[in-house]
Amino acid sequence: GEGAHSDRPVHGAVLVAVAALLSCAVVWLVIAVAGTEGAVHYSVIPLLCILPVNIVFRILLFGRLRVSANAIPLEQSWPKSAEGLKVSVIVPAYNEDGCIERTCRAALSSTTAGPDRFELVVVDDQSSDRTWEIISNDSPTGLAADPRMVAVKGGTRDGADWKGKNWAVWQGFLKATGDILIFMDGDVVLQSGALESLLHRFFARDSVWLTVCCFSDFQSTAEYVFGLPITIGVMQALAVPRVDLGHQVYAYGQLNVFRRQIYEQLGGHRAVGHVVAESHELAKLAVAANLKIDAAFAFAQTRLEWYTDFHDCWQGQLKSICARLKPKPKCVRFAVLLFAVIYVIFVWLPWVILPWQIVLLADDNLDDGTVWCSAALAGTQIFLVFVQRVLARIKCGYKLRMWYMEPLTGVLVAAMLIRAAVHPQAKWKSRSNHGTNKKLPRMLTTDGLKSVLPWGNAQVVPV
């Protein structure tokens, strides 16, 4: 919504100053321990060790990314294969008053399909802000005037261990009447022709489940300081061809297209209602049932907004890390702690050594060859960081903005890993991922999922 990217006033100069002070502290510590000449010689070895890792990770890995090979073409016409079928777009919303109106308007205006073909089901998950006021029938926004708009006031959980958005999504499913179900997050903005494009791809591949990688519209300073164009944007994009070929069990949480009967067969979000990373767990169920998950890019059809400030970035990323580490044994968490320490060294070392070595070149008492070698190695690896962001710009369209914040990004990532390994509990939008992790009971008939009893106080009808 309006103001969705209103950064708190954090200037790049301040961030650079913080990084410089930390670098000076590290250099002082190394010199204090090893002496100036010893520190120079010792710096070459770790730089040589991490150089091949940098080349593989930053260049070769990213170089194989082919967005166009799995991109969904932009379509404007309703596919013939979808004639006679109805599509339900289900959007869970919890405290989304900053963006939900724009999300709804974009979805409704993205297609000319009438209410016999398309409905937008938006579920307010007991929000404490103006979300319900915006989408309800009495809203001054006028959203309810569109006959395709269906606003649902979500029921309470009644103490049940529903995690994240699962309860809201499940209630939306119970209300939806479509043959094709599209589950979409409240911060995904559909472009013109998005619905038709998704359906064309869906039926062209005779899909049962299409998971979609959206274009991440990074705007805030915080997103770039946290390195999201790489850690989220590109890393998610790299999974698309692997998922599409069946080499990786994964699904994107922001946008998924299902045939209704397949979603019912899997048990839907009720079957994974006890976990935060619901899309990944649902993907595991699909693979266990021998169902093929198709994956594709919808960069031309979607815009996905992530975080607005540093607090949201920290909480949002920490939530995801905690969700993956919480069920892991202590030995795995300890390994993550070690990795976090190594990662900080891996990221910081070139940035700390290069300016230091340049200063040392003026010292006639030191071996210039060793200093030049160390400086060249450090400079090469910093250049690889820049090349990595250039590749992200060329292949995915992400800006080069603040690429030099890599050292601070490394510290933030390591801090989140350590925090999650030590205490894998996190809150997102004032809700905790803490709970029993006990599966919700699946009440099925012998013929399969013919009717479903909900967990909570909502009115239920047979599916």
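# Mixed sheet, aromatic pairs and buried polar residues

Phe258 in S7 is the bridge partner of Trp209. This is a predicted model, in which local features need pLDDT of at least 70 and side-chain atom pairs count only at pLDDT 80 or more, while totals for chains, interfaces and linings use all residues. Residues are numbered from 1 along each chain as its sequence is written, and side-chain values use heavy atoms, with hydrogens and water left out. Helices (DSSP H or I, at least four residues) and strands (E, at least two) are numbered from the N terminus.

**The sheet**

- Seven strands make up an open sheet with mixed pairing, ordered S3-S2-S1-S4-S7-S6-S8. Its edge strands are S3 (149-153) and S8 (293-298), each pairing on one side only. From one strand to the next, the twist averages 20 degrees.
- Strands count as paired if DSSP finds at least two bridges between them.
- Five bridges join S4 (residues 180-184) to S7 (residues 255-259) in the antiparallel sense. Within this part of the sheet, Phe183 has Asn256 of S7 as its bridge partner.
- S6 pairs with S7 in the antiparallel sense over three bridges.
- S6 and S8 run parallel and are joined by six bridges. Thr211 has Ala295 in S8 as its bridge partner.

**Helices on the sheet**

- Helix H3 (residues 100-109) lies across S1 (87-93), S2 (118-124), S3 and S4. H3 runs at about 170 degrees to S2.
- Helix H11 (residues 278-288) also packs on the sheet, where it touches S6 (209-214), S7 and S8. The direction of H11 makes about 150 degrees with that of S6.
- Axes are lines fitted to C-alpha atoms, for helices over the stretch in contact, and angles run from 0 to 180 degrees between N-to-C directions.

**Strand S6**

- S6 is largely enclosed by the rest of the structure, because six of its six residues are buried. Buried means under 20% relative accessible area, exposed over 50%, and partly exposed in between (1.4 Å probe, protein chains only).
- Trp209, Thr211 and Cys213 point one way from S6. Leu210, Val212 and Cys214 point the other way. All are buried.

**Asn256**

- Asn256 sits in strand S7. Its relative accessible area is 6%, so Asn256 is buried.
- A polar side-chain atom of Asn256 lies 2.5 Å from the backbone oxygen of Tyr252. A polar contact is a pair of N or O atoms within 3.5 Å; within protein, one must be able to donate a hydrogen and the other to accept it, and residues adjacent in sequence count only if both atoms are side-chain atoms.
- With neighbours within four places in sequence left aside, Asn256 is in contact (heavy atoms within 4.5 Å) with Leu181, Ile182, Phe183, Trp209, Leu210, Thr211 and Ala251.

**Thr302**

- Thr302 belongs to strand S9 (residues 302-304). Thr302 counts as buried, because its relative accessibility is 1%.
- Its side chain reaches two backbone atoms: the oxygen of Ala298 at 2.6 Å and the nitrogen of Phe215 at 3.4 Å.
- Residues up to four places away in sequence aside, Thr302 touches Val188, Val189, Leu190, Gln191, Cys214, Phe215 and Leu255.

**Aromatic pairs**

- The whole structure holds 22 aromatic pairs. Rings of Phe, Tyr and Trp (its six-membered ring) pair if their centres lie within 6.5 Å; planes under 30 degrees apart count as stacked, over 60 as edge-to-face and the rest as tilted.
- Phe202 and Phe203 form an edge-to-face pair, 5.5 Å centre to centre with 90 degrees between the planes. Both residues, Phe202 and Phe203, are buried.
- Trp351 and Trp403 have ring centres 6.0 Å apart and planes at 50 degrees, so this pair is tilted. It links distant parts of the chain, 52 residues apart: Trp351 is in helix H13 (residues 330-360), and Trp403 is in the loop between H14 (368-396) and H15 (406-422).
- Trp351 counts as buried at 16% relative accessibility, whereas Trp403 counts as partly exposed at 23%.
- A cluster linked by ring pairs contains Trp170, Phe173, Phe183, Trp209, Phe258 and Tyr263.

**Cysteines**

- A search of the whole structure for disulfides (cysteine sulfur atoms within 2.5 Å) finds zero.
- Cys322 has a relative accessible area of 0% and is buried. Cys331 counts as exposed, at 57% relative accessibility.
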